[in-house]
Structure formats: C-alpha cells, structure tokens
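Some notes for your review of this model follow.

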Amino acid sequence: VDNGLVDGYLFNGYVDKIDVAYGPEGSGWNNISITAYDAHKRIVNTRVADYDTTIYPGDHVTPLEAIELAVTEAGYSMSPDSVALNHKMPHVTETDVIVNTFINDALETGLGVMWVDPPTEEVVVIPRPTIVTTPPEGTYTIGNNHGDALHLCMSDIVVNADGDVVFNSLRVSNKNDDTEYVVKINQDSIDLYGIFALDVAINTTPDGQLVKWANEVFAQSPTKLVSQVETPAVDRTGTLTEAAFFTPGTLIGVKYTKSPLAIDDYYTITKVSHSIDVDNWFTTLELWKEF
C-alpha cells in the first residue's frame, strides 16, 4: 500500500485457492474470490531430509534453537527481532520429517508466539506476553469506546463462555516419560464448581522443567474470553486505519459494553486475517490472553 503516508507491504504470501462464480446469462458479472496464506503455511508443511538439534552444544536445546533449525531447514530465515524462549528441550535427531511437530513442541514448551514478518518473510518468535494491567503507550483498543484516542471501531466479536477452558485441575507430563508429571489444583474453585481437569504433555527435559512450566501457566481462567474481534481497516472517511498493519504478537485492548457483556481487557493477537472486496476491507484478529 502506498497512500502518501504509508509505503510498504501489508501482506506477502502465496495464492492458495481461487473460486470463480458467474451470474445468470446476460447479467454481465462474475465474482473472483482469492484466498492466500503467508510463508507460515509453507514452512510448517515442509519435509526436511535431516533435523538434528545436536548441532547445538550442551545436553539440551532451547525452544528458539529448535524453531530456528526447523525454519532454516525449510529454507527460510529467522528475524533478528526474535527473542529467546524459556525452558529446555531434549535433543532430537530425525530424518525425512515434516517440521511442524518440532515447531509446535517448541512453541508449547517455550510458551512462545510465532509469525512471519510480511516485508522480509523472516520468522519472528517472542515469548507469550504476561498479564497486562497498564498497557504500553500507543496500544490500540477495539470496541464501542469511542472516547479513546487510539480507538478502532468493532464490527464483530466472538466471546467464549466455555467450561473446557476453565480448568482448575492441571496435569503436566513429560512427552518423553509419562511417569514424570506434576499436578496443580485450585481447591477453592473445585469446592465451588467441581473439577474441570486438563492434561497436557510437553517435550522438555527431566530437571524441574515440568514444575516450572505448570507454575507459569496454571491459574483459574474467567468464563468469558474474547477469542476474536473484527474491525474495518478503512474507516468511514475512507482513511486506512492501524487495523491494516496489525501483526501477531501485538497487544490490543478490547473495550465493549453492551448488556450482558462488559469487557475491558488486553489480549495478544495470534492470527491476522484480511477480507477485502470492492466495497470493504475488514481485519479479523484471533486473540489469546494469559491469566
């Protein structure tokens, strides 16, 4: 996009699907719909001849090193903006494998967020942001809070009230040894609501990492979580908004008050989708929050 103020890539990717629809004979119209994905889809579906983390010294590999090796073997590069992730993983030596398993394990074990930078097609990895009560300066909010200086209008919102995400009993085991595990419970919540249990297996080393990981992720989740919001990327005056430029890993506020909802919280963007036609441009953001 080049509108005089902004000149740069909003998206850099590959056409995945083209659908063409035609109107009745004589109507003179046809509709072409194109779906495209960035390099992330190609990276996670790449088969590599060798995946060997023993190229890194020591008795373990870090999650960022595991992702870097997978990305490099897939023919792409890591961004210098990437940040080291916490926790440790055992070394792996595999041949003729698809790299998505190693990337998923590393993101889960290291509690990370990953995306592809549009201008460079480099992979960015950062730790999942922690709880935010005072957002950084310049943080945008989406909702019906029109008085905020950095407000973006909301065109759609998806809120979950799902018992499956409100776990109060967590069992974390080691993928490499299921006899090694740790259990965390919230007894007050169990006394009030009964047990909502969740089992997770992570690919880590057997030196206290399970307890460390469980302590970092276990908490009582609320019953209402915003999973997705949509906002126009072009406002009523025809001006391109910041919604056109959001990337995963970005913090945004969601402020929406309409009975019975009263939401005022901050979330991390995990996926960005653009829907563009001749009349409209909407940006859909999938969100995640650590509690």
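1. A salt bridge here is a side-chain nitrogen of Lys or Arg within 4 Å of a carboxyl oxygen of Asp or Glu. The model is predicted, so local features need pLDDT of at least 70, side-chain atom pairs count only at pLDDT 80 or more, and totals for chains, interfaces and linings use all residues. Residues are numbered from 1 along each chain as its sequence is written, and side-chain values use heavy atoms, with hydrogens and water left out.

2. By the salt-bridge rule the count is 5. One of them joins Lys-175 and Asp-105, at 2.6 Å from N to O. This pair links distant parts of the chain, 70 residues apart: Lys-175 lies in the loop between S10 and S11, and Asp-105 in helix H3 (residues 100-110). Helices (H or I, at least four residues) and strands (E, at least two) are DSSP runs, numbered from the N terminus.

3. Asp-105 counts as buried because its relative accessibility is 10%, whereas Lys-175, at 43%, is partly exposed. Buried means under 20% relative accessible area, exposed over 50%, and partly exposed in between (1.4 Å probe, protein chains only).

4. Asp-207 and Lys-88 also form a salt bridge, at 3.2 Å from N to O. Asp-207 is partly exposed at 41%, as is Lys-88 at 28%.

5. The open sheet of 3 strands has the order S11-S10-S12, with mixed pairing; two strands pair if DSSP finds at least two bridges between them. S11 (177-185) and S12 (197-202) each have a single partner strand, so one side of each lacks a neighbour in the sheet. S10 (residues 169-174) pairs with S12 in the parallel sense over 6 bridges.
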